[in-house]
Structure formats: structure tokens, C-alpha cells
Amino acid sequence: MLKIICYGVRSYEKPYFQDLNKYNFQLTLVEELLTTSNAELAQHHDAVLLRGNCAAHRENITKFNEYGIQYVFTRTVGINHIDLDACSEFGMKVARVPSYSPNAIAELSLTLAMMLFRHTAYMTTKSSFKNFIVDEHTFSKEIHNCKVGIIGVGRIGLTEAKLFKGLGASVIGYDVYQSDAAKEVIPFTTLDELLAESDVVSVHVPYLPGQNDKMINASFLAKMKKGSILINTSRGELQDNQAILDALLSNHLEGFATDVFPKEDELFFRSFEPWQMLPDPTIQKLVELYPRVLVTPHAGSNTVTALSNMIETSYDNFHDIVTTHSSDNLVPLPVLSMK
């Protein structure tokens, strides 16, 4: 029986890990993310299952090799938390979950956009302090009279486009690859035209290191329609936080919502005291702009359906690799040159 240690399993996720265990794997569920301090818990296991922001760096991969770990799998789409060079060096297999419920991320993007668009965070915060005055900051447009631009119209972006169209909004898209399925739902345009025309811009782009770092920069923001709203629920490395802060302070950008930040392991999944400053001063200033800035702690996939998809696919990955020595979701590892 395969012995798997699963890191980063929140307490309310444990019943799902147990109930969906159709292959009867022997599971060790650890609530904490993988760190240097708890890597030794993987001893006497055959495999590791990670979550995003787990520290699967060379030091821990080396420890796993010493423990006889053969498989370092992740229940996420992204794999940037795993040292693939080290895994290749030690002959380990790496697999991921290439997709899960697109509705999870799309619904969060829509919710954040509408909260900013209709100023609901502003109003509910006021009312929580027993202030029920209707003022100019509660005044808004209606989404059915506005245009929404989706950058990255894959499964998630297309799902969000359909949701906004259901509300009566005019929706346009930009993508390097324009699928036939997306073309049937929305028209595509150039990136510059999308930024200039859209009242809401929502980003669903994969992060490609060295290719699109900080694509949401000062130039990008300057091309956006004045008074528009920006949503990023994809990857934090895509955004230049200082440029976004500047656009908000100049009132060129009305609102910003994000589920991600670069180097978010220094911030997310931690609790800070009200008097504590955040590690990044720019993020501190962005957070202080609430309710014009809304931040969720990389929780887009934190739904019953998405979690179930992640667990089921991960278990299938393990079963496939053990029974057939292969899996459709194996990550190609770098070929190391002989020195």
C-alpha cells in the first residue's frame, strides 16, 4: 500500500482526503505547509503530496531522497514551489493537477469585480459601524451598461465571461490562443483596445518566468480606461504592485482586487496583529486602501468542488504511476547535463 504524506491539509479538508481515498492509500495528513522544520515527517513514506507555497526546495528534496521518497506530487496547477532540477537529479517523479473547477476562480473574480463596481465593501463596512448614510461614494453604474475585458480566455476566463454575459454585460477578450469555444461566446480584440474600452479588466494568465513578469505595469495601467477596475486572480508575479498603487493614488484606477501577490508565502496563510506592518511596504499601502483595494488570501480554489477535483486527480496520478509507471499529468523534468 502506497504511503503518502500530504502537507498543507487544512482541518476542514481532512474529511475530503479520507472520503475520496478510493485506492485506500495510507495517508498522513499534515496541516502545516512543508518547511525545513517538518520535512522529517516524510520519513517512512513513499510519496509526498504538496499544496502551493510548500517549500519543496533543494534542501527538502535532498531529505526526501534520503528517506527513499520516489514521488513528489502537487495538488496545484503551478509547480514553481518544487525544485525540478533536484527532483530530476534524484530520479523522482513529479505530477500536478492541470485543472480543477473553473467556476471556483471565475466566481471569485466576478464577486470581487462586482463588490468594487457596486461599492458593496464600502457600504457594508460603513453599516458595520452603524453609519447608514447614502453618499456619493455609493453611487455606481450598472454592469449591463458596461464592458468587461477578459485577458486570458481559457477555461477560467471563458467561464467568467459567461457569468458576466449572464448579467447583461458586454464582454470582450484577449488571448494569444483564441479557442473556437471562446470565439462562440465573445469577440476577441487587441490588448490595447481591450484596456482602453473596458470598465472592468480581469486577468487569467499563466505565469511564464522571464516572459511575462510584471506584465501589469505602468504602461499597461496607463492604457486602461480612466476610472476602471482591475482584477487579478491568476499569479502575483504578473503584477507590479508599485505601479498599481500609483495608478490608484492618481485615481486613474478606481479599484483593484487580487487573490495573489508575488512572494506571497511571506504574507498569505499568516495572521498579523493590527499594529504590525506587513513585510512588503507597498502591499501594506495597498491593503490600507481598502475598500478600494480588496485582497483575498489565494483562496480562489477554496471550494468544495475545486478541492474534490484536486484530491481525486492527485489520487489518480498516484494510482496511475504505481500501476502503469506513467501518468498524463507527469511534469517533464529538466535533463541535467553531465559535467
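Ile 244 is in contact (heavy atoms within 4.5 Å) with Ile 216, Leu 221, Leu 230, Gln 239, Leu 253, Phe 256 and Leu 286, leaving aside residues up to four places away in sequence. The model is a predicted one, in which local features need pLDDT of at least 70 and side-chain atom pairs count only at pLDDT 80 or more, while totals for chains, interfaces and linings use all residues. Residues are numbered from 1 along each chain as its sequence is written, and side-chain values use heavy atoms, without hydrogens and water.

Ile 244 is also among the members that touch the most others in the largest nonpolar core, a set of 29 residues; Leu 230 and Leu 253 are listed with it. Such a core consists of buried Ala, Val, Leu, Ile, Met, Phe, Trp, Tyr and Cys residues joined through side-chain atoms within 4.5 Å, where buried means under 20% relative accessible area (1.4 Å probe, protein chains only). Helix H10 (241-249) supplies five residues, the largest share of this core. A second, separate core has 26 residues, including Leu 108, Leu 116, Leu 158 and Ile 231.

Helix H4 covers residues 102-117 and reaches 22 Å from its first C-alpha to its last, close to the expected 22 Å (1.5 Å times one less than its number of residues). Helices (H or I, at least four residues) and strands (E, at least two) are DSSP runs, numbered from the N terminus. Leu 108, Leu 112 and Leu 116 are among the buried residues of H4, and their cover includes helix H6 (155-166) and strand E9 (228-232). Just after H4, His 119 has a positive phi of about 60°.

Terms used. Buried < 20%, exposed > 50% of the residue type's maximum accessible area, 1.4 Å probe, protein only.
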